[in-house]
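Let's take a walk through a protein model together. Have the sequence and the 3D view ready before you read on.

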Amino acid sequence: MKFDVGIVGAGPAGMFAAYEIANKSKLSVVVIDQGYDVEKRVCPVQNYKKCTKCSICSIMSGVGGAGTLSSGLLNLRPDIGGNLLEFVDENEANNLVNYVDSIFLKYGAPEHVFRGDTEEAMELQRKAASVGIKFIPITQRHIGTDRAPLVIKNFKKDLEKLNVKFLLETKVEDVRKNQIILEDHRIIECKYILLAPGRVGADWAKKLAQRLGIPTKPEPIDVGVRVEVPAFVMDPVIAVSRDPKFHIYTDTYDDFVRTFCVNHRGFVVKEVYDSFVGVNGHSMAGKLSENSNFALLVRITLTEPVEDTTAYGMSIVQQATILGGGEPLIQRLGDLRMGRRSTWNRISHSHIVPTLKSATPGDIAMAMPHRIVSDILEALEKLDEIIPGVASSSTLLYAPEIKFSANRFQVNKNFETPVENIFVAGDGVGLSRGLVCAAATGILAARGILRKEGII
Ligand SMILES: Cc1cc2nc3c(=O)[nH]c(=O)nc-3n(C[C@H](O)[C@H](O)[C@H](O)COP(=O)(O)OP(=O)(O)OC[C@H]3O[C@@H](n4cnc5c(N)ncnc54)[C@H](O)[C@@H]3O)c2cc1C
């Protein structure tokens, strides 16, 4: 088989790259993905972290990539879910976001957007600024779990009309200059190769980079806790933003702490990985709890001589798992402040009933480095000034919550690696962390290819 462009990964980065190339040139394009086509993507357990049922995880893999089976929330800002301003100027970054959004709209995303520039949002921004917190107002489009697969289906159909070939249920084993080698040893000859393997293919991509001699560097990770409070505490900020994001620099260490993934009237859930347990949160349309939860995460960046943030993060979460006896830890904020372990008896004195019952009452200060605990305590105190009640002694903290990042590949402004004609895009190569930015990096890499061909 022979194509001008071979794209590894049918996630947003790969599909938007194919869109750009197919619409602006006559280059032949093949998109290869180990996962299934949209209709075949069904997860039997709906728990992508724990599941070992399928050899290929339908939540993470297949046409549309990770998130096709999720709620598909489009953050319409260039600096959320990655940072396009690292690659292009502000004007181009905003144009890219609008372009990505217009393509999602063209294929059936709903017209309605949740605006981030309301007077209420501006007021919250002012209030937050007065206590040294940055509130990030975001305009968001919510595709929705039921509609996301349909949008992706329309998108793929249109790409096929533009002669883009899809090779599905096909794992790429290796890549050499101008060659993609499939698991069944077939070879696809391509002038240009674009790697867009997503989080699920990040380890594969890292090893590939080592073989090809492409420099990569670890990205920062985020470690912290999931905070659970009565829903009425969060009601006023949820009225302003459905997923309010606050950025805080702590006084003692000047560390960056952020809120992430707010689940109003949601549930804290356990995530089981191979060597540790963590926590996350979710909310359900048909089942509401009395509580709200959100992640409070401390950014960790390491410098020489230890740069492997993943190994460091693993050591923290494994320690927490040992202390929790294989379950996440739960602690009242008041107990953490007093330097004592929580017990179920103490937790029962709170006016908040935990939604994750299997957690082990314990002492988060024994599981996490002092610096992280100090950052969490200081960030909660600051947040309390704009969300009164969030730092009450009854507030529940669950640990550990961790967000790993893929190693970032070295690229030039065309998203080409030092190996000529091998381009990269998306989450799996450390260039993005969300749908819109992943799609935008795919477009930028595609434009890099078109520029090399002299088409643009
Ligand atoms: C459950 C869940 C919910 C999410 N919800 C949101 C949200 O609401 N909003 C948001 O902005 N972001 C969300 N995200 C994140 C978002 O999905 C990702 O940022 C985005 O999909 C990354 O796009 P990508 O193209 O880089 O990679 P992916 O979407 O991960 O796609 C990569 C593709 O490459 C394929 N692949 C990898 N290696 C190989 C190989 N060797 N051979 C063949 N194929 C390979 C994979 O099968 C996969 O289909 C969510 C993620 C998950 C997991």
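What follows covers the ground rules, the ligand's surroundings, the sheet and the helix contacts.

## Ground rules

This is a predicted model, so to speak of a local feature we need pLDDT of at least 70, side-chain atom pairs count only at pLDDT 80 or more, and totals for chains, interfaces and linings use all residues. Residues are numbered from 1 along each chain, following the sequence as written.

Helices (H or I, at least four residues) and strands (E, at least two) are DSSP runs, numbered from the N terminus.

## Around the ligand

Which residues come nearest to the ligand? Out of 41 residues around the ligand, they are G11, G65, G198, G201 and G426. Being "near" here means that a residue's C-beta atom, placed from the backbone, lies within 6 Å of the molecule.

Helix 1 (12–24), strand 3 (73–75) and helix 12 (435–452) each bring at least two residues to this shell. Helix 1 gives the most, with three residues. Sorted by class, the shell holds 17 nonpolar, 19 polar and five charged residues. For these classes, Ala, Val, Leu, Ile, Met, Phe, Trp, Tyr, Cys and Pro count as nonpolar, Asp, Glu, Lys and Arg as charged, and the others, Gly among them, as polar.

Now look for an open sheet of eight strands, in the order 4-12-13-16-11-19-17-18, with mixed pairing. Strand 4 (133–136) and strand 18 (360–361) stand at the edges with a single partner strand each, so one side of each has no neighbour in the sheet. Two strands pair if DSSP finds at least two bridges between them. Strand 17 (residues 329–332) and strand 18 have two bridges and pair in the parallel sense, and I330 has P361 in strand 18 as its bridge partner. Helix 11 (residues 370–384) packs on the sheet, touching strand 4, strand 11, strand 12 (245–249), strand 13 (256–263) and strand 16; its direction makes about 130° with that of strand 16.

Strand 12 and strand 13 run antiparallel, joined by three bridges, and Y249 sits opposite F256 in strand 13. These two strands form a hairpin with six residues between them, and D254 in the turn has a positive phi of about 60°. Strand 13 is also joined to strand 16, by five bridges, and these two run antiparallel. There, N263 stands opposite N293 in strand 16.

## Helices that meet

Helix 1 and helix 12 pack with their axes 7 Å apart, at an angle of about 40°. Axes are lines fitted to C-alpha atoms, for helices over the stretch in contact, and angles run from 0 to 180 degrees between N-to-C directions. The two helices are therefore oblique to each other. Angles under 35 degrees count as roughly parallel, over 145 as roughly antiparallel, 65 to 115 as roughly perpendicular and the rest as oblique.

Helix 12 also meets helix 2 (residues 90–106): their axes come within 9 Å and cross at roughly 105°. That makes helix 2 roughly perpendicular to helix 12. L96, V97 and V100 in helix 2 meet V436, A439, A440 and I443 in helix 12. Two residues are in contact if their C-beta atoms, placed from the backbone, lie within 7 Å. What classes make up this contact? It has seven nonpolar residues, no polar and no charged.
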